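I opened the notebook to go through the charged pairs, then the sheet, the helices and the rings. My entries follow in the order in which I looked things up.

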Amino acid sequence: MITTEQREKLRGWFAGRLPEDLFEELVELAVDREEITVIGRIPAPRLAEGASDAEREAAVQGRVQEFRERTREARIEVAREAEHRFRRKVSWGVECDGERTLFTHVAAPVMTRLRQPERQVLDTLIAGGVARSRSDALAWCVRLVQRHTDDWLAELRESLEHVQRVRAQGPDTEPQDAATDRSPDTSADDD
């Protein structure tokens, strides 16, 4: 986990390094041990008044695809610099007319040991057609918890940042930049 200050420095680096005309706004910059995800807002397509939902959806998909192809080289250049500097893969996404689309992202394997009652929960999700495998079922459970516990998770993250600040003030500590102290073993597409 990185501190708020480190996250702000990362966001500042990207805000300064991204080409001026790439996004209307840098909407979100998420970071963990393996990946930095950059999400920017792009202009919504102009449609005739009274356009149907299907037309709007198709226009947004077309705008996102056009942006992705047109900006590929610039995004790859920024990603390479950031990956070298921060030792994490960079993933990209956009918001367009209220819709969010991720182009690439890291799917990092996570190992865990589960007891029978926990495995039975996953197997029930598989039998019910919610998931295709235990891995899918576990990912589904994590997304569900994430959706329903955002406030609790935010408070926990704040507490962890406080613990990190206190530890850093202790004796015999060497300053470390958590944003640059990892080298991921995972990979993502550069686009």
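My criterion is a side-chain nitrogen of Lys or Arg within 4 Å of a carboxyl oxygen of Asp or Glu. The pair links distant parts of the chain, 11 residues apart: Asp123 sits in helix α3 (residues 116–127) and Arg134 in helix α4 (residues 134–148). I take helices (H or I, at least four residues) and strands (E, at least two) as DSSP runs, numbered from the N terminus.

Asp123 is partly exposed, with a relative accessible area of 31%. Arg134 is partly exposed too, at 40%. Here buried means under 20% relative accessible area, exposed means over 50%, and partly exposed lies in between (1.4 Å probe, protein chains only).

**Entry: ground rules**

I number residues from 1 along each chain as its sequence is written, and side-chain values use heavy atoms, with hydrogens and water left out. The model is predicted, so local features need pLDDT of at least 70 and side-chain atom pairs count only at pLDDT 80 or more, while totals for chains, interfaces and linings use all residues.

**Entry: other salt bridges**

How many salt bridges does a search of the whole structure find? I got 15.

One of them joins Asp97 to Arg56, with the closest N and O atoms 2.9 Å apart. Asp97 lies in the loop between β3 and β4, and Arg56 lies in helix α2, so the pair ties together parts that are 41 residues apart in sequence. Asp97 has 37% relative accessibility and counts as partly exposed. Arg56 is partly exposed at 26%.

Glu66 and Arg70 also form a salt bridge, and their closest N and O atoms are 2.6 Å apart. Both are in helix α2, 4 residues apart, which puts about one helical turn between them. Glu66 is partly exposed, with a relative accessible area of 37%. Arg70 is exposed, at 53%.

I also noted a network: salt bridges that share partners join Glu25, Glu28, Arg41, Glu95 and Arg100.

**Entry: the sheet**

Next I traced the strands. The sheet is open, has 4 strands in the order β1-β2-β3-β4, and its pairing is mixed.

Strands β1 (residues 25–31) and β2 (residues 35–41) pair in the antiparallel sense over 6 bridges. I count two strands as paired if DSSP finds at least two bridges between them. β1 and β2 form a hairpin with 3 residues between them. Glu25 stands opposite Arg41 in β2. Glu28 has Ile39 in β2 as its bridge partner.

**Entry: helices across the sheet**

Helix α1 (residues 4–17) lies across β1, β2 and β3 (89–96), and runs at about 135° to β1. Helix α2 (residues 53–86) lies across β2, β3 and β4, at about 155° to β3. Axes are lines fitted to C-alpha atoms, for helices over the stretch in contact (heavy atoms within 4.5 Å). Angles run from 0 to 180 degrees between N-to-C directions.

**Entry: aromatic rings**

I searched for ring pairs and counted 5. Rings of Phe, Tyr and Trp (its six-membered ring) pair if their centres lie within 6.5 Å; planes under 30 degrees apart count as stacked, over 60 as edge-to-face and the rest as tilted.

Phe67 and Phe103 form a tilted pair, 6.4 Å centre to centre with 35° between the planes. Phe67 lies in helix α2 and Phe103 in the loop between β4 and α3, so this pair ties together parts 36 residues apart in sequence.

**Entry: whole-protein tally**

I logged 5 helices and 4 strands. Along the sequence the pattern reads α-β-β-α-β-β-α-α-α. Of the 191 residues in the protein, 30% are buried.
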